[in-house]
There are 2 protein chains.
Amino acid sequence: MASRVLIVEDDAPVRRMLSRNLEAEGFDVSSASDGGRALAAAERSTPDLVVLDVAMPGLDGLAVCRRLREKGMTGGILMLTARDAVDDRVSGLVAGADDYVVKPFAIEEVVARLHALSRRGSDLRRRISYADITLDLGTNTVERGERGPIELTGRERALLELLMRDPRTVVSRDAAIEAIWQGAAVPNIVDRYVARLRRKLGEPPLIRTVRGVGFMLEA
Amino acid sequence: MASRVLIVEDDAPVRRMLSRNLEAEGFDVSSASDGGRALAAAERSTPDLVVLDVAMPGLDGLAVCRRLREKGMTGGILMLTARDAVDDRVSGLVAGADDYVVKPFAIEEVVARLHALSRRGSDLRRRISYADITLDLGTNTVERGERGPIELTGRERALLELLMRDPRTVVSRDAAIEAIWQGAAVPNIVDRYVARLRRKLGEPPLIRTVRGVGFMLEA
DNA sequence: TTAAGGCTTCAGAGTTCTTTCAGAGAGGCG
DNA sequence: CGCCTCTCTGAAAGAACTCTGAAGCCTTAA
C-alpha cells in the first residue's frame, strides 16, 4: 500500500534524483517532464501525492496545481519553489498546494514532508476565516454566521480566497487578473465576480470597492 | 525609523537570545512570554513585525496570529514552528502569518526573513503620519485620532500626500499643479481640493493658507 | 446530441469624481 | 476707511469609474 507519487520537474537530473530517492523510500513513483504530461499522467492514475516544480516552461507549477485541484485531486501537493520567492509560496497555497520546499533542497527534507503529507492523508479540510465568514477550500463553500453553506464556483472561490488572504488590503483588478486569470482578461471580469460574491454573501456587505484602486475585504 | 519587532516566545533563554540578536541588528525589540501578554503588548504599541512561537501554553501562536490580524495588525508575522509539523506551517500561513522558520533555527535565518518581511511590508501597505493624522496610501483613507476612517478620492489623497511629505513647508499652487495635474489646470483647482480636505479632516485645522504663496500642513 | 452550468465580454445605466466659473468673502496697504 | 488682490465656496457640466443585465461561448454531464 505504498503511496503513489507523481514527480513533475523539467530538469532531468533533478527529476531522476528525486525519482531514485523516493523509490528507495518505498514510494511508488512516476514522473513527468512538463505540465501537460503531468496532467495526462494524473488523469491516467490519480497519484496520492504530487511533487511539483513551480518554474517550468509551458504550463507552470501553479497552473498545474490549479488544474489538478479542479479535477478533484485531493492528495498532498508539495511545491518546489525558488529561494526567497515568497510570492510563489503564497500563490502556491492559493493554487491549492499543501506545502513547499525551497530550492536547492536537501532530499531528506522532501522525503520528510512527503511522509508528513501522506500521513495526513486526504481527510484534510483547509479553511480560512475572516469576520463571520469561513471559506472551505476543500469543498468551495462558504458559511456565514448561522447561515447554511453557500456554494461557490471555481472563479468565485479563487477571488474570495484572494481577498481573504489579505483582508483590509486592497486588491487591484490587475492583481486579481494576474493571480486568477494569468493576466488574460478584461478588467471588468473582476467586477463581474465581485458582484456575484456580493450577492451570494448577502448582508452586511463585506467587499468594499475602493474607487480607482480595487476591492478589499472589510467587516 | 527602526522596525519595531515583538517577540512572542515562552522559552526564556530562546526569547533572550532572539531579543539580543535582533537588537544588535538594529530592530526596536519588545517581547512577551505568552499569547495573552503578546496581545496586550501589541495593543499598546502596534509592532511592525512579530516573531511568534507556534507552540505555547495557553493561547497558542496560531490563535495569537489570528487575533492580531483581526485587530488590524498588518505588519509581517514570522512563525517559529517545530520540525516536521507541516500542519503548523500551513495553518500558520492560513492564519495570517507571512513566513516561517523551523526550530531549531539559525539566528541569521530569522534576521534575513525579518528584513525581507520588513521590506515587503513597507511597500505593500505604506502609511505616512503627521500630527494626529495617518494616511494609508493603499486604501486612500485617513485616520485622525480616534475618529473612524475618512475616505479620500484620488485627487484628495494626492494633494494630502504632497502636503504630508513636507509638513511645515509651503507648497505653491504651481508646484501642486505641476506634481498632480502635470501642469495642466487652473490654479483655483488647488483651492478647491484644499477646501475639501479641510472639510473632511475637520477640527482643529491642519492646512494653513500662506497668502500669496500657497498652502502648508501645520498642527 | 442535448441540456445545464460556468465563464467571459459587451454595452448601457447609474454613481461618483473632477474641473471650471463666477461671485462672495477676507486680508493687506495707502 | 476704501480699494485692490487673493482666497474661498456653491453650482453645474463633463469625465471617469462602477455596476448589472443580457448574450455568446465553452466545458461537462446525461
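Reader: Does Asn140(B) count as buried or exposed?
Author: This is a predicted model, in which local features need pLDDT of at least 70, side-chain atom pairs count only at pLDDT 80 or more, and totals for chains, interfaces and linings use all residues. Residues are numbered from 1 along each chain as its sequence is written, while chains are lettered from A and ligands numbered from 1 in the order in which they are written. A residue is buried if 20 or more other C-beta atoms (placed from the backbone) lie within 10 Å of its own, exposed if 12 or fewer do, and partly exposed in between. Asn140(B) has 23 C-beta neighbours inside 10 Å and therefore counts as buried.

Reader: Where is Asn140(B) found?
Author: Asn140(B) is not a glycine, yet its phi is positive, at about 55 degrees. Helices (H or I, at least four residues) and strands (E, at least two) are DSSP runs, numbered from the N terminus. On that numbering, Asn140(B) belongs to the loop between strand S7 (133-136) and strand S8 (141-144) of chain B.

Reader: Is Gln182(A) buried or exposed?
Author: Gln182(A) lies in the loop between helix H7 (173-181) and H8 of chain A. Its phi is near 50 degrees, a positive value in a residue other than glycine. Because Gln182(A) has 12 C-beta neighbours inside 10 Å, it counts as exposed.

Reader: How many Å separate the C-alpha atoms of Val54(A) and Ala82(A)?
Author: Val54(A) sits in the loop between strand S3 (49-53) and helix H3 (61-70) of chain A, and it is buried, with 23 other C-beta atoms within 10 Å. Along the chain, Val54(A) and Ala82(A) are 28 residues apart. Their C-alpha atoms, however, are separated by 8.0 Å.

Reader: What percentage of the residues in chain A are buried?
Author: Chain A contains 8 helices and 12 strands. Of the 219 residues in chain A, the buried ones make up 37%.

Reader: What is omega for the cis peptide bond between Glu203(B) and Pro204(B)?
Author: Pro204(B) is placed in the loop between H8 and strand S11 (207-210) of chain B. A cis peptide bond joins Glu203(B) and Pro204(B), with an omega of about -10 degrees.

Reader: How many charged residues has the surface near DNA strand C?
Author: A residue is near a strand if its C-beta atom, placed from the backbone, lies within 6 Å of it. By that rule 22 residues surround DNA strand C, among them Thr153(A), Gly154(A) and Arg155(B); H6 (154-165) and H8 (188-201) of chain A, together with H6 (154-165) and H8 (188-201) of chain B, each supply at least two. Ala, Val, Leu, Ile, Met, Phe, Trp, Tyr, Cys and Pro count as nonpolar, Asp, Glu, Lys and Arg as charged, and the others, Gly among them, as polar. This surface has 8 nonpolar and 6 polar residues, and its charged residues number 8.

Reader: Which helices each supply at least two residues of the surface near DNA strand D?
Author: Of the 16 residues around DNA strand D, those that come nearest include Ala195(A), Asp191(B) and Thr209(B). The residues of this surface divide into 4 nonpolar, 6 polar and 6 charged. At least two residues come from each of H8 of chain A and H8 of chain B.
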